[in-house]
Amino acid sequence: MSRAKLPHVLFVFLFTLPLMSARAQTRAALPDMQSIGALGSDLFLQSGTTGMVLVVVRDDQVFFQGYGETAPNSHQAPTQDSLLRLCSLTKIFTTDVLAKLVADKTVQFDDPLQRYAPENIHVPKRMLPITLLDTATHTSGLPRELGIAPRDTPHFTFPDYRTRWRWLQNQRLRSTPGTAALYSNVAFDFLSDALQSATHKQYAALLAERTLNPLKMQHTTFFPNADQCAHLLASAHDDGPCVTTEATAGSSGLYSTATDMTIWLKYLLGTGISSQDASAQAVYLLPSKLVSQKGLDHAGEPTGIGLGWIHILPLDSPSQIVEKTGGGAGFQTYIAINHARHTALFLAATDGSFETHLNLFNAANKFLLAIAGLPPLPPPPPKPAPKHRHLQRRGRLG
């Protein structure tokens with residue numbers, strides 16, 4: 001059975017074409033930085049969050065603003081040095097390392113996960129083996145989570161290495177790898193374990209060596225010290241302690257600051273001290289070619305699946321967005337990029353005391369396109385009405 005995948009080299013080429021053409025276009029008048037601040041204030045007020053950090057990079061311009069409070073009743077606004085949980089934005093750091101190891105031929109996308117498994121651990125198959133690319137594109141057939149963490153377990157410390165590998169060998173995959181997308185946190189932890197095995201280096205050290213240290217991201221870590229933890233933003237709820245989160249290094253454990261995330265946005269846009277290779281943000285799968293996709297549409301209807309990244313709108317659209325969502329432990333986090341206008345944003349917001357029902361990711365997309373001088377995303381197509389089943393005497397509905 002062949003996989004519903006096209007050669008990644010083709011997608012890298014297609015991804016870079018609109019970037020090159022966009023840079024040659026005459027730019028329209030864009031909102032100034034003062035206007036960006038006002039739009040950010042509106043976004044914060046709509047969100048109902050306790051505190052919010054916003055970073056915008058547009059060409060060589062940088063905007064930062066902290067809104068609200070570092071903790072309920074602190075009366076202190078977040079700063080560029082406030083500690084933030086990146087949550088699932090961690091995944092695009094993992095795939096940055098993956099893309100670099102593929103480029104230098106340390107690993108290959110089609111390498112089976114089994115090759116990097118601990119001794120005597122069997123990785124399940126379903127017609128096809130799980131590959132590294134499958135783990136990076138949410139198409140491994142693995143579920144979202146291993147299970148519920150034990151009571152009072154600190155956020156992003158479960159499952160650890162031994163727990164997840166013991167669990168894996170007893171699983172039955174939910175789909176044939178490469179054929180259906182199901183958002184999976186645990187798959188990214190297996191990916192970081194595989195990269196650790198391939199390089200014979202602790203994954204945290206590997207990430208520092210290949211990405212964090214070259215970019216001088218000195219405050220991005222799995223191991224926050226006491227001073228950093230004292231500056232961690234707090235939500236309106238009990239979010240648990242600030243602890244080492246190396247156990248989920250591939251999926252969700254990173255802490256960072258707005259200062260470091262400014263560096264990261266410049267790297268992603270290609271306006272900093274170095275640029276991310278286009279292969280790391282390229283499209284590798286088309287949702288339309290998959291049997292199904294679930295859990296990838298929090299910020300909008302996906303048109304392309306990348307290495308942790310989701311693409312909204314076709315590659316040749318000026319309003320196309322490359323994005324990654326995150327959430328957990330009292331935080332919502334988001335990165336969205338519009339390469340046509342060389343504009344990107346990062347935001348991290350802590351939960352407020354009440355639910356506003358605002359989709360912060362969709363609102364951030366509108367914000368991004370507004371400051372890029374582009375029209376908003378079109379509304380998603382209507383979904384077909386569910387087909388109703390007739391109750392049967394011996395069965396249940398649904």
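Me: Let's start with a charge and a ring: what lies over the face of F188?
Reply: That's K91, at 5.6 Å from the ring centre. A charge counts as sitting over a ring if NZ of Lys or CZ of Arg is within 6 Å of the ring centre and within 35 degrees of the ring normal.

Me: Before I go on, what should I know about the model and the numbering?
Reply: It's a predicted model, where local features need pLDDT of at least 70 and side-chain atom pairs count only at pLDDT 80 or more, while totals for chains, interfaces and linings use all residues. Residues are numbered from 1 along each chain as its sequence is written, and side-chain values use heavy atoms, with hydrogens and water left out.

Me: OK, rings next. How many aromatic pairs does a search of the whole structure find?
Reply: Nine. Rings of Phe, Tyr and Trp (its six-membered ring) pair if their centres lie within 6.5 Å; planes under 30 degrees apart are stacked, over 60 edge-to-face, and the rest tilted.

Me: How do W167 and F190 sit against each other?
Reply: They're stacked, 6.4 Å centre to centre with 10° between the planes. The pair links distant parts of the chain, with W167 in helix α5 (residues 161-168) and F190 in helix α6, 23 residues apart. Helices here are DSSP runs (H or I, at least four residues) and strands are too (E, at least two), numbered from the N terminus.

Me: Is W167 buried or exposed?
Reply: Buried, at 14% relative accessibility, and F190 is buried as well, at 0%. The cut-offs are under 20% relative accessible area for buried and over 50% for exposed, with partly exposed in between (1.4 Å probe, protein chains only).

Me: Why is the pair of Y334 and F361 called tilted?
Reply: Their ring centres are 5.2 Å apart and the planes are at 45°, so the pair is tilted. Y334 lies in strand β10 and F361 in helix α10 (residues 360-371), so the pair ties together parts 27 residues apart in sequence. Both residues are buried.

Me: And which residues do ring pairs link into a cluster?
Reply: Y161, W165, W167 and F190.

Me: You mentioned β10. How many of its residues are buried?
Reply: Seven of the eight in β10 (residues 331-338), so to speak mostly covered.

Me: What does β10 pair with?
Reply: Strand β9 (residues 321-328) runs antiparallel to β10, joined to it by seven bridges. On the other hand, β10 and strand β11 (residues 343-350) pair in the antiparallel sense over eight bridges. Two strands pair if DSSP finds at least two bridges between them. For landmarks, K324 has I335 as its bridge partner, and A336 stands opposite L345 in β11.

Me: Switching to the inside: how many residues has the largest nonpolar core?
Reply: It has 74, and those with the most contacts inside it are F93, W264, I335 and F346. The largest share, eight residues, comes from helix α6 (residues 185-199). A second, separate core of 27 residues includes A299, Y334, L347 and L369. A nonpolar core is a set of buried Ala, Val, Leu, Ile, Met, Phe, Trp, Tyr and Cys residues joined through side-chain atoms within 4.5 Å.

Me: Last one: which cysteines does the disulfide join?
Reply: C229 and C242, S to S 2.1 Å (the cut-off for the sulfur atoms is within 2.5 Å). The link is left-handed, with -70° about the S-S bond.
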